[in-house]
Amino acid sequence: MVFLFHTFCCLSRLKAVVPNLFSCRDPIFIIQISNGAVPGESVKKDENSRRGNWGNQIEFVLTSVGYAVGLGAFMLPYFIMLVFCGIPLFFLELSFGQFASLGCLGVWKISPMFKGVGYGMMVVSTYIGIYYNVVICIAFYYFFMSMTSLLPWTYCNNPWNTPDCSGVVGSGSQLNGSLANVTSSLVAGVSEAVNRSKRTSPSEEYWKHYVLNISDDIGNFGEVRLPILGCLAISWVVVFLCLIRGVKSSGKVVYFTATFPYVVLTILFIRGITLDGAINGIKYYLTPQWQKVLDAKVWGDAASQIFYSLGCAWGGLITMASYNKFHNNCFRDSIIISITNCATSVYAGFVIFSILGFMAHHLNVPVSEVADHGPGLAFVAYPEALTLLPISPLWSLLFFFMLILLGLGTQFCLLETLVTAVVDEIGTDWIIRNKTVVTLSVAIVGFLLGVPLTTRAGIYWLLLMDNYAASFSLVIISCIMCICVMYVYGHTNYFKDVEMMLGFPPPLFFKVCWRFISPLIISFILIFTVIQYKPITYNDYVYPGWSLGIGFCMALSSVICIPIYAIYKISRSPGATFRERLKYACRAHPKWGPALQEHRIGRYAPMASDDTLEPSVGEIPLAGDLYIL
């Protein structure tokens, strides 16, 4: 199966905006009107003036659409997993962040003992942010190298080519393809190339021997690849400049970064379907393989693809939703964004397979022999197919520019997740006024930590991080989040919170999914991940044991935050017995709830004094349905 745009998902942002028609001193009108915005209406000031909001509703939608764009080629399992796991989890995280108007750390006022989940999300986002920008910088490099009359990976007459090189331009030789697997952040966790062969393509040798100049071992770093390092600097500068004013600036950028990829996809689609053999590629794409429907691996792959493509448990969904206005209809947003994600996946499949069908026709081989399912598709197979087109540099420029925009959209959200968590946690007026300094600091640290990935051994480390740093840890984090919200805080309480925010309770389908179906699917993904585990390899290279140990340490570093913080919180909680301490640590913080005073109504209405908000241990039960006696 081919996945191209998996991790190039970028969180779409949707914020309700309406004119300030009534006096801001009238809380009734503020609650009932100022948030029920419609697209296109202007806004005079932010609802949350201290923290800020999206400029308008469209900004949030576009940002989220860019964040959640994945490609799934197994239609039936893909759609089923989308409906029963993807959309419910997406809605859960959007409503969670929007209700509290806090990032992935602050929202755990809902049950302070579980704040380690927020720290785990930060760790995951840090790992992904480090290596993800390296992927973007490689796309930058290919983009710059496409500014020529002849693509450098067209022929085999270059200094870096070997005697095994055999080009497809002007040749009828068969393509069995040795397609290198580059970074499975472009796909849903795929880490091995396929179709290894007697022949090596010019694009593969350009990738391995010129772009990477890859070393023979993960411990043999060699020199830094200066062109890649320069592109990495450009990537971080672009990300910083787009986030220099937080969501105020990135919200404007996404008008271009989230929409232009669709323009490029359409151009490539029109060009692709006019090529000889394109129909064969599309038939291969659409023809179901019913014999595999009962294969557990297919369903596991589909569930993992949905889970990772929508960006659940990264902290980005919670962060972006926290900048929505309180009464924004995030239920509608989750439906729109998830369906857009699915539709884009199908559309992108037509684009990819039309070109691959043409390539298979040109080489007189089956489509299955040219279809790769790794990042090799982005940096080896697809670039090679582009060399067969007239004016190939133009199509290459468009293709890699699209990848850059898709990648930047996701990187915006990853960086904003970390910055927002830091700013919300410190919360002082100085840190809020100087949020740009925090953004710059995070960008500089991210660049420095990414430098080792630009060495000759960088691709080994990039793959190691992608396979271990953000794999099963995301599944564990998401599962614990569901358990905390539904069973510790209590599903009844959370349903009331959503109803207070949206004006209507969550539909029955989502209630059932949040409590039962989605956690079961998440558990299935985790079990599947463990059962199907295989040590990472890169082509013929087998990773040494010590490197796999580092990989497992990266994976555990995010999950271990959860029990460590829970133990810390319980030990610092008042109470004569462990049961009392545990009950206190699980209970929602007095400040949990809507961020603005005008929204704190009903059970969140302020008491006579702050002191009355802090009951003594044993005075009330756990906030939800799970009681500790």
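What does Cys156 count as, by its relative accessibility?

Modeller: Cys156 counts as partly exposed, because its relative accessibility is 27%. The terms are set by cut-offs: buried means under 20% relative accessible area, exposed means over 50%, and partly exposed is in between, with a 1.4 Å probe and protein chains only. The model is a predicted one, in which local features need pLDDT of at least 70 and side-chain atom pairs count only at pLDDT 80 or more, while totals for chains, interfaces and linings use all residues. Residues are numbered from 1 along each chain as its sequence is written, and side-chain values use heavy atoms, with hydrogens and water left out.

Cys156 has a partner. Cys156 and Cys165 form a disulfide, with 2.0 Å between their sulfur atoms; the term is used for a pair of cysteine sulfur atoms within 2.5 Å. The count by this rule is one disulfide. The torsion about the S-S bond of Cys156 and Cys165 is about -70 degrees, so this disulfide is left-handed. The two partners fall in separate classes of accessibility: Cys156 is partly exposed at 27%, whereas Cys165 is buried at 13%. Another cysteine, Cys330, has 0% relative accessibility and therefore counts as buried. Cys513 is in no disulfide, and the nearest cysteine sulfur to it belongs to Cys85, 8.6 Å away. Cys513 is buried as well, with a relative accessible area of 0%.

Now the chain around these cysteines. It has 629 residues, of which 60% count as buried. Its secondary structure comes to 23 helices and two strands; both are DSSP runs numbered from the N terminus, helices being H or I with at least four residues and strands E with at least two. Among contacts between residues at least 6 apart in sequence, 84% join residues at least 24 apart, where contact means heavy atoms within 4.5 Å.

Ser471 and Val124 are 347 residues apart in sequence, but from C-alpha to C-alpha they are 9.3 Å apart. Ser471 is in the loop between α17 (458-468) and α18 (472-488) and counts as buried, with 12% relative accessibility. Gly311 and Thr410 are 99 residues apart in sequence and 9.2 Å apart in space, again from C-alpha to C-alpha. Gly311 lies in the loop between α10 and α11, and its relative accessible area is 1%, which means buried.

Ala313 is not a glycine, yet its phi is positive, about 75 degrees. Ala313 is buried at 0%. Ser101 is a second residue other than glycine with a positive phi, near 55 degrees. The place of Ser101 is the loop between α3 (75-100) and α4 (115-145), and Ser101 is buried, with 9% relative accessible area.

Helices come next. Asp497 is a residue of helix α19 (residues 491-502), and it is buried at 1%. Apart from neighbours within four places in sequence, Asp497 is in contact with Phe99, Tyr489, Trp592, Arg603 and Tyr604.

Two helices can be followed as a pair. Helix α8 (residues 260-273) packs with helix α14 (residues 392-426) at an angle of about 145 degrees, the axes being 9 Å apart. The side of α8 in this contact is made by Phe260, Pro261, Val264, Leu265, Ile267, Leu268 and Arg271, and that of α14 by Trp395, Leu398, Phe399, Phe401, Met402, Leu405 and Leu406. An axis is a line fitted to C-alpha atoms, for helices over the stretch in contact, and angles run from 0 to 180 degrees between N-to-C directions.

The UniProt entry, which is unreviewed, gives the annotation "binding site" to Gly66, Ala68, Val69, Ser309, Asn341 and Leu406. UniProt positions are given in the numbering used here, feature names are shortened, and annotations may be inferred rather than shown by experiment. Asn341, another residue under that annotation, belongs to helix α12 (residues 330-363) and is buried, with a relative accessible area of 0%.
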